[in-house]
Each structure stands twice: as structure tokens, then as C-alpha cells.
Amino acid sequence: MNAAESFNLRLIPLLPFIGATILILFGRHFKRQTVVMIAAGAIAGAAFVAFTGFFQALPSVAEEGGLRDVVWTWIATGDLTVDLAFRMDALSGLLCLIITFIGFLIHLYSAGYMEHEPDYARFFAYLNLFCGSMLVLVLGDSMPVMFVGWEGVGLCSYLLIGFWYSETANASAGKKAFITNRVGDFGFLIGMFLVFQATGTLRFSEINALSTPTSALAVAYHGMPLAFWVGLCLFIGATGKSAQIPLYVWLPDAMAGPTPVSALIHAATMVTAGVYMVARLHALYVLAPAMLAIVALVGAATALFAAIIGFAQNDFKKVLAYSTVSQLGFMFAGVGTANFSSGVFHLYTHAFFKAGLFLCAGSVMHAMSGSGDITKMGGLRKLTPWTHGVFLVCWLAICGVPIFSGFFSKDAIVAGAFATEIFEKVHLGWVGPAVGSILLLAALGTSFYMSRLYFLVFSGPSRADHETQHHIHESPSIMVGPLVVLAIGAGLGGLVGIPGGLFGHPEWNLLGEWLTSAVGPELEVPHQTEVMFMGISTVLAIIGIVLARVFYGGGYREPARAFAAAAPGFVKLVRDKFRIDELYDAVIIKPIRQLSSFLFRVVDRVLIDQILVGGVAAITDLFGRLARTFQTGDGQRYMAWFAVGAAVLVFLASRPPLPSELKVNVSGTTVTVDASRAGRPSQRGLTYSFDFDDDGRPEVQGTSAEARYTYDKGGPHTIRVTVHDPRWHKESSITSKVDVGSGSNN
Amino acid sequence: MLPSFYYLCLSFALFVIGTAGILLRRNALIVLMGIELQLNAGNLAMLTYSRALGDEKGHAFAFLIIAIAAAEAAVGLAILVGLFRSRQTINLDEASLMKR
């Protein structure tokens with residue numbers, strides 16, 4: 001066992017799973033403090049192992065593919081061998097740190113936030129289960145192991161969205177998330193099958209190593225390399241999990257879950273799984289630049305589209321949800337322009353500032369007696385100073401104000417989109433600049449809707465009713481503590497990834513350098529380009545903030561009202577999320593419902609229920625009714641039937657009488673046969689036919705039981721005598737062998 | 001000695017009378033008597049063939065059947081008593097419990 005395999009990676013997902021198991025089985029008997037101790041302790045343990053692995057064991061082996069821990073051989077059949085194995089390399093290690101660290105903070109926060117929740121233990125059990133599944137997802141060494149985690153986080157997402165399942169809306173939001181994800185998972189599975197068919201392996205390291213221009217993955221199939229189709233199928237999976245067009249619709253509804261869940265699952269970790277997967281299979285995607293173009297364009301389109309929807313949402317968490325969709329779009333645009341480290345960088349910064357924003361949302365809703373309606377907020381700056389401070393930092397980070405983390409990561413993506421040359425290979429050179437331009441617009445939008453949110457919530461006078469205003473209070477320190485840590489991360493976390501092109505110091509981009517071993521080197525962006533786009537995005541961020549200040553500074557201002565009055569239809573359309581849900585309802589759900597209804601009414605009810613099932617019953621019933629007419633319960637009638645039956649049997653079995661043996665008398669070649677029975681009166685009316693050579697043609701026929709015949713030549717013969725009873729149309733026959741040459745019968 | 005044929009005719013006649021009694025009469029006592037007639041018709045046929053074929057097995061069977069007939073009469077009469085106790089009649093039309 002060498003250094004790379006001696007580290008117990010399995011502990012990282014195992015600890016949360018143990019925590020979840022204990023809490024599910026015994027949690028309800030524990031005190032609240034005990035529940036938090038177990039849940040947070042499990043994550044803290046996982047975090048400790050992850051940090052130890054990352055900072056002590058990993059650096060020495062990162063270049064050789066990182067740490068690997070094989071637990072056991074999971075599947076071994078034919079050519080396929082799948083180990084239950086975990087791998088921590090530069091990429092999965094980073095994700096591990098994010099998950100365990102932010103997961104731990106959110107566990108702490110939840111301890112305060114869920115204080116009044118009766119189902120305390122169940123919540124923490126699910127949260128632990130989620131962390132374990134997510135860690136399996138990122139640490140999985142092969143696609144099936146990742147898929148287990150992939151499904152596991154989907155399940156936990158479903159369970160936690162519908163945590164307050166007694167309300168129908170929450171339960172159906174959970175179902176929507178789950179079903180939408182199933183659509184994507186189908187793509188993931190097909191992609192996995194294709195990969196196996198082409199490469200014969202499912203391990204990420206081997207797939208990436210086999211993704212060369214000469215491998216089976218590069219073979220053209222319907223005009224595109226196979227890698228394109230594999231990438232497409234996997235990307236469909238990613239659009240489901242990471243809420244991209246066209247499968248983004250579940251994420252805004254997922255806000256029905258408790259806010260810490262939104263922060264952890266639906267902002268910081270789970271939804272980034274799609275980005276992670278694309279980065280994980282970077283070599284495969286690079287093999288098909290056209291597929292990368294699709295990834296980048298879908299990402300950019302989602303970024304802009306979701307940002308626009310975010311303009312008009314009036315629910316705190318809905319704004320953040322569309323913001324998350326939009327930021328995920330940025331990440332996909334990043335990985336889609338073959339700028340993998342920038343996508344992962346944004347994933348990392350986003351995890352901090354978006355988790356911070358969501359936890360602020362929770363804190364604000366805590367203060368506002370549970371309401372998330374931003375039209376009824378305002379003036380929280382003085383009332384909840386800590387929350388305000390954290391929100392301020394996270395807001396500046398997501399807007400892309402320099403020095404804050406989002407600035408560096410967003411800029412790395414935008415500049416990378418303009419600088420990338422990967423699309424030239426497939427004559428799609430326009431994609432890079434197009435994606436970059438869309439992203440700049442989306443960045444402007446981001447800045448605007450986030451500033452709108454900030455001003456409406458924190459500035460000006462409060463618009464809440466008197467009762468609510470009276471109760472506004474800062475959250476307890478167990479909630480504020482994690483917020484402050486996240487704010488520090490959101491503020492300064494970007495400094496680990498200062499783009500090399502900015503100051504001409506590539507070594508300052510610690511993150512890009514670090515990820516080189518896992519996702520390839522950082523995209524090189526020329527100094528001028530870098531500086532230019534940093535300037536542009538800074539200007540855009542400030543324009544967005546100023547514009548929002550003009551519209552919403554201190555509450556709804558005159559320009560905002562005027563705009564809403566000037567284009568009420570448009571505002572309503574945006575507020576209704578462009579009615580995409582209604583479109584899906586009309587185009588997909590309704591036809592399926594109608595088809596189901598048709599199948600139910602015609603196939604199920606008529607064909608199966610009535611004709612097949614009912615038919616069998618009807619036939620049985622018919623025979624039953626017939627048979628029942630005999631079942632009178634009258635013993636004498638039974639006897640009568642018995643007598644009739646016995647008579648029929650006797651009739652069928654009866655045969656005209658014949659002796660058990662024919663009497664044959666031979667003299668020379670002449671034989672005399674007597675078929676009468678000894679001592680019995682011969683029955684009248686019987687006809688006897690004698691066939692002396694058994695050829696089917698009787699030589700003698702008549703009413704006499706005796707016959708005489710002379711053979712032409714000697715030798716053995718078979719004599720057959722048949723008796724016919726014309727009254728009952730019955731026959732019986734008997735045979736006998738004679739040898740006329742020897743002059744005796746047998 | 002009379003030919004076997006006449007004995008068989010008698011046996012047949014007895015059997016038919018017994019069967020008719022069983023099937024047509026509604027008095028359970030008469031039905032039991034019909035069964036006795038059938039058994040004895042069988043006995044007669046048994047003995048006739050035994051004599052005609054010179055085989056003694058028929059005699060043995062006849063004794064067996066007499067013993068069984070005695071047992072059957074005892075059991076049958078006991079059932080009749082039971083039936084009468086529960087229904088105050090031995091009319092078979094009243095005893096149609098087998099119907100349901």
C-alpha cells in the first residue's frame with residue numbers, strides 16, 4: 001500500500017452517514033443539544049478528515065492523480081469491474097473542503113434557525129444524509145459511484161424541500177424537483193452507458209486518459225465525435241441537477257424547504273454537481289468543442305434569462321433562487337469555454353457568497369416573523385446590523401465589485417470566454433465572444449436585481465405592519481456566527497484566484513495552479529483583455545447598483561413606479577417567470593395527462609379491467625352458473641345423475657361378446673374358426689366377419705360364429721374376427737396366429 | 001336347474017325397482033329399503049355368476065356385501081333418526097342443506 005492509498009478517504013462520507021443513521025433511528029429520543037452535537041460533530045469529523053487529507057496527504061500526490069481509497073469491489077461482471085472507491089484529487093478535494101466547511105457552518109446555523117421546529121432530529125438526519133451523499137458524489141472514483149451520490153443528493157433534496165410536507169405546495173415542490181431531476185438522470189445514465197461502450201471503463205481518470213483524438217470517443221457518429229453525444233447526455237443530467245435551461249424550473253420551487261437547506265443544497269453544493277461533473281470529465285468535453293459550445297451557450301442563456309426573471313420577483317428567496325440559476329449559468333459558461341478552473345473558481349466563491357445570502361435571507365425572515373415578502377420589508381439596516389453587514393459583503397461579492405470574491409471568479413469566466421480559442425477548431429469562433437457578451441449583460445442584471453433586493457430590504461423606512469415591526473430582532477449568535485465566517489469567505493475568498501493576466505503573475509492564481517493537475521492548466525488570457533474586461537465588469541456592476549439605487553433606494557421610488565406603470569404587461573410577464581411553468585404544463589404535462597387519461601379509460605378500464613380480467617371472471621361465472629343448475633342439494637337428484645352417468649359408462653365400455661381365445665382347427669391348408677363362446681347362448685342379430693389374412697378385407701361374413709377357409713399357400717397367417725352389433729353400433733375384434741404349413745395352430 | 005338368464009333377469013328387476021325407489025320416493029325409509037334391494041340384486045347376480053362360472057369368489061363377496069348392508073342399514077337408520085330429531089320429518093325434500 002503506497003502513500004496515495006493509505007489515507008482513509010472513506011471516513012469523509014462515512015461519518016455523516018453514521019450521524020444520519022443514528023439520528024434517524026434514535027433521534028426522536030434525544031435532546032436538542034444532543035441532536036446538534038451528533039449532526040454537527042459528524043460533519044466536523046468529516047471536515048477534519050477532509051482538511052487533513054487535503055493539506056497533508058494530498059499535495060505530495062496531487063500530480064499523480066491524488067489519493068485513492070478502495071473500499072471493496074462493488075460490481076464485477078464480464079468486462080465491467082467497478083470498485084466502491086473514492087478519490088481525492090485537486091478538484092474533488094476542493095469540493096470536499098467546500099462541502100464539509102460550509103456544511104458545518106450551516107449545521108450550526110440550523111441549530112438556531114430550526115429552534116422551534118418539532119421535527120428537529122429528522123431535519124438534521126436528512127442534512128447529514130445529504131452531506132454524506134454529496135461527498136460520495138464528489139469523491140466517487142467512477143461514474144457509478146458518483147451516480148449513487150448523485151441520486152442520494154436528489155433524494156435528500158426531495159426530502160428536505162418537502163420537509164414541511166403537511167402543506168401540499170411544499171410536497172409538490174419536492175416532487176417537481178425529483179421528477180425534473182429524473183429527466184436529467186436519464187441522460188446521465190445513457191451517457192454512462194455510452195462511455196462504457198466506447199472506452200470499456202467507467203473510472204474518471206481512465207476516461208480522461210482515453211479521451212484522445214485517436215480513441216473510440218473521437219470516432220465520428222452521426223457527424224459528431226462520440227464524445228459529443230456522451231457529453232450531450234451527461235450535460236442533460238447536469239441541466240437537471242444544476243438547474244439550467246430547460247430543466248431549471250424546479251429550483252425556484254425548491255425554496256419551499258427550510259432556508260438552511262436552500263443555502264446548503266440549492267445554492268452552495270448540490271446544484272453545482274453538474275458543473276463539477278463537466279469539470280471532472282474535462283478531457284472528454286475538450287474532445288468535442290461543439291458540445292462545449294452548447295454547454296457555454298446554455299449556461300450563458302440561463303445566466304441572462306434567470307437574471308431577468310430575478311428583476312421582478314418579490315420573494316426574498318425566489319430572487320436568490322433565480323440568482324442561483326443565473327450564477328450556475330456563469331459556471332457552465334466557464335467550463336463550457338474550456339476554462340475549467342474558472343468555472344470551479346466561481347463554484348467556490350459562489351458557495352460562500354450565496355450560502356451567506358441565503359442564510360441572511362433566513363435571518364431576515366426570522367426577524368420578519370417568517371415572511372419573505374420584500375415589498376413588506378425595508379429599514380433592516382439598523383434593526384439587524386450583523387445580518388446587514390454580512391449581506392452587504394455578499395451582495396458586493398455577487399455584484400462583482402473589485403476585491404470581493406465574485407469579482408475575480410466572474411471576471412475569469414467572462415475574460416476567458418472572449419479569450420478562448422477552442423471553438424476555432426470547429427469553426428464556431430463566434431461562440432466565445434457571444435457567450436462573453438451575454439455574460440456581461442447577465443452580470444449587469446445580477447448587479448441590478450441584487451441591489452434591488454438590498455435596497456428594498458435594508459434601506460429606507462420599514463413597510464411592514466406594526467405588529468411585525470415590533471418583533472424585528474437580530475438573530476441569535478449561533479446564527480450570526482456562521483454568517484460572519486461566510487462573509488469573510490465571500491469577501492476575501494477570491495484572493496486565492498487572482499487571474500494571472502492581471503498583474504502578469506500567473507503564480508498568484510493559487511487556485512488555477514492548484515487545479516491544473518485535475519482539470520488542465522488555466523486558460524491564458526492576455527493582460528490587455530484581462531484588464532479591459534475587469535474594467536468593463538466593474539463599470540457594469542456600478543451601473544447596476546446605481547440604477548437600482550435610483551429605482552429602489554430607500555424603498556419604491558418614482559422611477560420604479562413609473563416603469564411598472566408604463567409597461568405593466570411586461571412586468572407581469574417577468575414576475576410570472578415568463579410563464580415557462582405554464583408552457584411546460586401545456587406542452588408536456590397536459591398531453592401526458594391526456595394520454596394517461598386515455599390509456600386509463602380505454603386500455604386499463606375497458607381492455608384490461610373489463611375484457612381481460614372481467615372476461616375471465618365472466619367465463620368462469622358462466623360455467624359456474626351452468627354447473628350450479630346441477631347443485632340442487634337434492635340427494636335423490638344426485639343419485640339420478642349418478643345412475644345416468646353409470647349407464648353411460650356401461651354403454652361406452654360394453655362390447656359385443658367374443659371368446660377370450662379363438663378356436664382354430666387346421667387340416668392341411670384349410671382352417672376352421674369358431675368364435676362362439678363356450679356354454680353361452682349366442683346372441684341373435686350379431687354379424688361376424690372373418691379376415692383370414694388380416695388385410696382389412698374379410699373373406700367370410702355372416703351371422704354364423706363359425707367359418708372355414710382354405711389358404712393358397714402355407715406359412716404363418718394372422719386371423720382376425722370382428723363382431724358387429726348393429727343395434728348399438730359397436731364392434732369388437734380378436735386375432736389369432738396360425739401356421740398352416742406345420743399343420744398346427746399356436 | 002333354471003338357466004342363469006332367469007336369475008339375472010330377477011337380479012336386474014330387483015335392481016331397477018331399488019333404483020326407482022331411491023330416485024322417486026321422498027320417504028327416507030323407503031329410500032333405505034331401495035338401497036337394500038339394490039345390494040341384494042347385486043348379491044343375486046354375484047351368486048348367479050359364481051355358480052355359472054364355477055368360481056367360489058362370488059360367494060365370498062356376497063357374504064361381505066351382506067355384512068356391509070347390515071352396517072349400512074344401522075348407519076342409515078341412525079342418520080334418519082338424527083334427521084327426524086332435527087326436522088321433525090324424514091321427507092327428503094326438506095333435507096336440502098347441501099344446496100347452500
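Two residues count as in contact here if their C-beta atoms, placed from the backbone, lie within 7 Å. Keep that cut-off in mind for the stops below. The model is predicted.

**Stop 1: A:Asp725**

Select A:Asp725. This residue sits in strand E10 of chain A, residues 716–725.

A:Asp725 has 17, so it is partly exposed.

**Stop 2: the domains of chain A**

Zoom out and colour chain A by domain. Domain 1 covers 1–138 and domain 2 covers 142–287. Domain 3 runs over 297–575, and domain 4 over 663–745. Now pick domain 2 and domain 4 of chain A. Their centres, taken over C-alpha atoms, lie 92 Å apart.

**Stop 3: helix H17 of chain A**

Select residues 385–399 of chain A. This is helix H17, 15 residues in length. How far does H17 of chain A reach from its first C-alpha to its last? The span is 21 Å, close to the 21 Å expected at 1.5 Å a residue.

Next, look at the surroundings of the helix. H17(A) is mostly covered, with 11 of its 15 residues buried. Among the buried ones are A:Phe391, A:Trp395, A:Leu396 and A:Ile398.

Step past the end of the helix. A:Gly400 follows H17(A), and its phi is positive, near 90°.

**Stop 4: chain B**

Expect 3 helices and 0 strands. From the N terminus on, the order is α-α-α.

Check the overall dimensions. Along the principal axes, the C-alpha atoms of chain B fill a box of roughly 50 × 25 × 25 Å. The radius of gyration of chain B is 17 Å, whereas a compact globule of 100 residues would have one near 13 Å. Buried residues make up 13% of the 100 residues in chain B.

Now turn to contacts within chain B between residues at least 6 apart in sequence. Of these, 46% join residues at least 24 apart.

**Stop 5: where the chains meet**

Bring chain A back. The contact takes 9 residues from chain A and 8 residues from chain B. On the chain B side, 5 are nonpolar, 2 polar and 1 charged.

How values were computed. Residues numbered from 1 in each chain as written. Chains lettered and ligands numbered in written order. Predicted model: local features only at pLDDT ≥ 70, side-chain atom pairs only at ≥ 80, totals over all residues. Domains from an automatic or database assignment. Nonpolar A, V, L, I, M, F, W, Y, C, P; charged D, E, K, R; others polar. Helix = DSSP H or I, 4+ residues; strand = E, 2+ residues; numbered from the N terminus. Rg over C-alpha atoms; globule rule 2.2 N^0.38 Å. Buried ≥ 20, exposed ≤ 12 C-beta atoms within 10 Å, placed from the backbone. Expected span 1.5 Å × (residues − 1).
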